[in-house]
Amino acid sequence: MANRKKAPEELRSHRWYGVKDLRSFGHRSRTAQMGYHKSDYAGKPVIAIINTWSDINPCHTHFKQRVEEVKRGIWQAGGFPVEMPAMSLSEPFQKPTTMLYRNLLAMETEELLRSYPADGCVLMGGCDKTTPALIMGAFSMNLPTIFVPAGPMLRGDFRGGFLGSGSDTWKYWAELRAGNISESDWQDVEDGIARSPGHCMTMGTASTMTSAAEVLGLTLPGAASIPAPDSRHAQMATLTGKRIVDMVWEDLKPLDFISAASFDNAIRAVLALGGSTNSLVHLIAMAKRAGVHLSIDRFDELARTTPVIANLRPSGKYLMEDFYYAGGLRGLLCNIKDLLNLDLLSVNGQTLGANIEGAKVFNDDVIRSAGTALLKNDGLAVLRGNLAPHGAIIKPAAMEQHLREHTGPAVVFKDYNDLNERIDSESLDIHKDSVIVLQSAGPQGAPGMPEWGQLPIPQKLLKAGVRDMVRISDARMSGTSYGACVLHVTPESHVGGPLALVKDGDLISLDVQARTINVLISEAEMRARRAAWSPPAPKFTRGYGTLYLKHIQQADKGCDFDFLEPEDLQGTHGDPEIH
């Protein structure tokens with residue numbers, strides 16, 4: 001943290017506005033064209049507000065208003081706000097998956113900040129991939145930065161009970177397919193499951209990643225837990241606008257306080273929350289942008305000693321609105337503070353310890369202690385074996401516990417279309433102990449590694465009462481999903497990983513406690529199958545897709561583009577010359 005206040009001439013924007021030359025004349029005259037007087041910006045920090053609002057992103061519908069509240073704070077603190085719309089990764093609508101475009105938004109964020117006169121930035125996101133994408137881009141540029149989380153939507157409503165987005169979608173879809181609820185019931189679920197602005201109110205990827213951002217120190221304290229429609233969310237937006245101006249004068253940048261210990265804290269929080277499996281891919285990519293080496297093995301190491309204490313769906317009972325009322329993330333962090341490094345700084349210039357001091361838990365069923373935890377450990381587990389030499393992931397808290405150690409015959413689907421066509425066929429040779437395997441669903445195979453990993457249970461088994469089975473893929477799974485789903489199998493099948501070589505009837509063995517996932521065939525048979533395997537055709541032949549396929553890394557490396565890794569541990573690639 002800087003010991004002195006910057007002088008106005010030291011502002012990055014001074015090179016655009018403060019120099020007496022022809023180019024600066026153009027900048028000033030065009031700013032006047034937009035209705036601003038020189039007194040609005042001269043000698044003041046220019047704050048870029050990277051806003052991922054879009055008419056087709058329901059999670060961010062309130063950002064039209066929130067951005068005005070952020071601007072209000074910036075004006076009040078003596079800054080000059082400049083809203084810069086960026087690509088909106090709308091999880092419910094964008095196909096084949098927002099993950100295909102996470103790195104594109106990260107690139108856009110970085111380049112917006114580099115190419116325009118930004119002294120600092122406010123990042124506005126929340127819907128799953130927007131959080132890591134915005135932060136990845138901001139880390140690479142390394143200007144003073146604060147993140148504004150979108151906040152969870154209100155609890156869903158269904159006939160006197162509460163609905164959780166995603167989790168109850170899968171639950172009631174299974175009941176509909178099993179014939180246990182009517183089309184009218186299903187319509188009521190559809191009408192009541194999403195009834196306000198904000199992202200998923202379960203502990204899905206959105207709340208997982210916004211919580212991780214707060215623990216990393218990138219938001220104001222308590223920001224990630226506030227429901228989107230709550231007036232305190234609007235207050236937080238204005239306070240964020242005020243604080244970013246001070247951060248510019250202090251020259252407090254994210255890489256001044258982000259470290260390997262910061263990511264350990266974030267991982268601990270994700271595990272205690274029962275957070276999304278997607279957090280591995282995103283946090284590894286974010287860490288690399290900050291010059292921090294983070295491997296999937298670190299997640300597994302910390303999972304062995306971190307209790308799951310948030311009783312939130314899909315692992316538990318409650319929803320994010322309940323979590324906020326029960327004390328929110330600050331309350332949860334107090335209950336695991338012995339596992340955290342409390343001396344790390346955050347955007348408000350205070351330590352994590354200071355930021356959670358005085359926080360209380362008001363409902364100890366929603367936010368539990370270590371002694372009453374949902375699970376004593378293993379919120380997530382990293383598996384290895386001959387089926388996943390570079391690792392795979394499973395969420396033990398969200399699966400039926402009798403499946404933690406299981407061996408069964410594989411039922412293999414070559415791709416997602418094959419799965420859709422055959423999964424409900426009465427002639428499909430499958431039983432409750434079978435292991436469903438989906439190939440070609442990874443970063444290159446799908447492409448984009450979609451959230452296909454919660455593979456559907458065949459209708460005939462649903463009707464027989466089966467609600468969980470071991471399922472394996474190189475895909476991801478929505479953080480709102482549940483089940484004994486082995487995900488992120490690496491290397492993926494599309495590039496010749498062992499998953500591509502599995503055949504119907506092969507016995508597959510899962511042992512969560514031993515952290516193993518193996519196909520029970522000989523090495524000689526594996527070599528023979530590999531020799532007979534042919535690489536499939538690429539999924540793209542033009543445009544952004546070809547760039548993606550050429551440079552995308554595997555899941556254990558964070559699925560970032562190889563050319564976006566930092567040139568040095570400072571994580572910055574330099575500013576453009578102003579001509």
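1. A word on terms before anything else: a residue is called buried under 20% relative accessible area, exposed over 50%, and partly exposed in between. Keep in mind, too, that this is a predicted model.

2. R159 has a partner. Its side chain meets that of D188 in a salt bridge, with N and O 2.5 Å apart. The pair ties together distant parts of the chain: D188 sits in helix α8 (residues 183–192), while R159 is in the loop between β5 (156–158) and β6 (161–163), 29 residues apart. D188 has a relative accessible area of 29%, so this residue counts as partly exposed.

3. Now for a salt bridge inside one helix. E69 and R66 come together at 3.1 Å, N to O. Both belong to helix α4 (residues 63–76), and because they are 3 residues apart there, about one helical turn separates them. Is E69 buried or exposed? E69 is buried, at 8% relative accessible area, and R66 is buried as well, at 7%.

4. R368 pairs with D365 in a salt bridge whose closest N and O atoms are 2.8 Å apart. D365 comes out as partly exposed, at 24% relative accessibility. Elsewhere, salt bridges with shared partners join E91, D128, K129, E451 and R476 into one network. The structure holds 37 salt bridges.

5. If you were going to ask about disulfides, the search of the whole structure finds 0. C59 is buried, with 7% relative accessibility.

6. C485 is another cysteine worth a look. This residue is in no disulfide, and the nearest cysteine sulfur, that of C200, is 17 Å away. C485 is buried too, with a relative accessible area of 1%.

7. On to helix α10, which covers residues 231–250. This helix has 20 residues and reaches 29 Å from its first C-alpha to its last, close to the 28 Å expected at 1.5 Å a residue. Most of α10 is covered, with 14 of its 20 residues buried.

8. Both ends of α10 have something to show. At the start, a side-chain oxygen of D230 comes to within 2.8 Å of the backbone nitrogen of R232. Just after the helix, D251 takes a positive phi of about 55°.

9. Last, the empty space. Rolling a probe the size of a water molecule over the atoms shows where such space is left. The second largest pocket has a volume of about 370 Å³. The largest share comes from β2, with 5 residues.

Terms used. Residues are numbered from 1 along each chain as its sequence is written. This is a predicted model: local features need pLDDT of at least 70, side-chain atom pairs count only at pLDDT 80 or more; totals for chains, interfaces and linings use all residues. Side-chain values use heavy atoms; hydrogens and water are left out. Helices (H or I, at least four residues) and strands (E, at least two) are DSSP runs, numbered from the N terminus. The expected span of a helix is 1.5 Å times one less than its number of residues. Buried means under 20% relative accessible area, exposed over 50%, partly exposed in between (1.4 Å probe, protein chains only). A polar contact is a pair of N or O atoms within 3.5 Å; within protein, one must be able to donate a hydrogen and the other to accept it, and residues adjacent in sequence count only if both atoms are side-chain atoms. A disulfide is a pair of cysteine sulfur atoms within 2.5 Å. A salt bridge is a side-chain nitrogen of Lys or Arg within 4 Å of a carboxyl oxygen of Asp or Glu. On a 1 Å grid over the protein atoms alone, a cavity is a set of points where a 1.4 Å probe fits but cannot get out, and a pocket is an open set with protein on both sides within 12 Å along at least five of seven lines; lining residues have an atom within 4 Å of a point. Grid points are joined across faces, edges and corners, and a volume is the space filled by probe spheres set on the points.
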